Amino acid sequence: MMEGELISVVMATYNEPPEIVGAAIQSILGQTYRNFELLIYDDSSDEHTRKRIDSFLEDTRVRVIRHATRSGFVRSLNMGLHDAKGAYIARMDGDDIALPERLEKEISFLQANRDIYAVGGQIEIIDETGRVTSSRFYPTGGIRLAVFSAIRNPLAHPTVMMRREVIDRGFAYDETLGLSEDLDLWLRLMNHSFKLANLPDTVLKYRVTGDFSAKR
């Protein structure tokens, strides 16, 4: 799908192993929906990781942004929201794998459901080797999603696509938060009557490693 509105995919990276970050980037470049820009905010100090990320610059849809000092995860995300040119903004992490139809399914859903402002999807959990270890279910919407949000995060962050209108209305991540910046944003959106939803489809393989919290 070369036609259609532009999607900005925002990825923040920090010293992921080259083969892992390479697979994450390639999973976006291999999407069935082709009209997107991939903004990579790279805090990596590892030379091999940086070289692997830079190897994708041959694709004109890829931009790599680096600064003299480490920006940090949440600040990088906010810079991505600010720099994004697309009518839709999608999140992606540097160690996950997006399934090929992820972007196509999400933008199609948002275009068909104008009252929904952010959509996520179901995930499979993978380990360091890429082996699927489990799956995670998120309610698709309505009262079930609202009740679920009182117990757990209602959207899997790296699966989310949101309308640019959310950002234009002044919403962004709270940079004072470490591991809950996404939950905070979803709850603020819901508190302002922005509807959220999840696709019933699995759209991403979510990698859980031993150093997850340290990286964040």
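Modeller: Let me begin with a term we shall need, since contact here means that heavy atoms lie within 4.5 Å of each other. Please keep in mind that the model is a predicted one.

Colleague: Which residues of α1 and α2 meet in that sense?

Modeller: From α1 these are Pro18, Val21, Gly22 and Ile25, and from α2 they are His48, Thr49, Arg52 and Ile53. Sorted by class, this contact has four nonpolar, three polar and one charged residues, and Gly counts among the polar ones.

Colleague: Why are α1 and α2 called roughly parallel?

Modeller: Helix α1, residues 18–29, and helix α2, residues 47–54, pack at an angle of about 20 degrees, and their axes are 9 Å apart. Angles under 35 degrees count as roughly parallel, and therefore α1 and α2 are described as roughly parallel to each other. Their crossing is right-handed.

Colleague: How many cavities of 30 Å³ or more are counted?

Modeller: The count comes to two cavities, and the second largest cavity has a volume of about 30 Å³.

Colleague: What makes a residue part of the lining, and which residues line the second largest cavity?

Modeller: A lining residue has an atom within 4 Å of a point of the cavity, and for the second largest cavity the residues are Tyr41, Asp42, Asp43, Ile65, Arg66, His67, Ser71, Ser76 and Met79. Strand β2 (36–42) and helix α3 (73–83) each supply at least two residues of this lining, which divides into three nonpolar, three polar and three charged residues.

Notes:
Residues numbered from 1 in each chain as written. Predicted model: local features only at pLDDT ≥ 70, side-chain atom pairs only at ≥ 80, totals over all residues. Heavy atoms only, no water. Axes fitted to C-alpha atoms, helices over the stretch in contact; angles between N-to-C directions. Helix = DSSP H or I, 4+ residues; strand = E, 2+ residues; numbered from the N terminus. Parallel < 35°, antiparallel > 145°, perpendicular 65-115°, else oblique. Left-handed = near helix turned anticlockwise from the far one by under 90°. 1 Å grid on protein atoms, 1.4 Å probe; cavity = no way out; pocket = protein on both sides within 12 Å on 5 of 7 lines; lining within 4 Å. Points joined across faces, edges and corners; volume = space filled by probe spheres on them.
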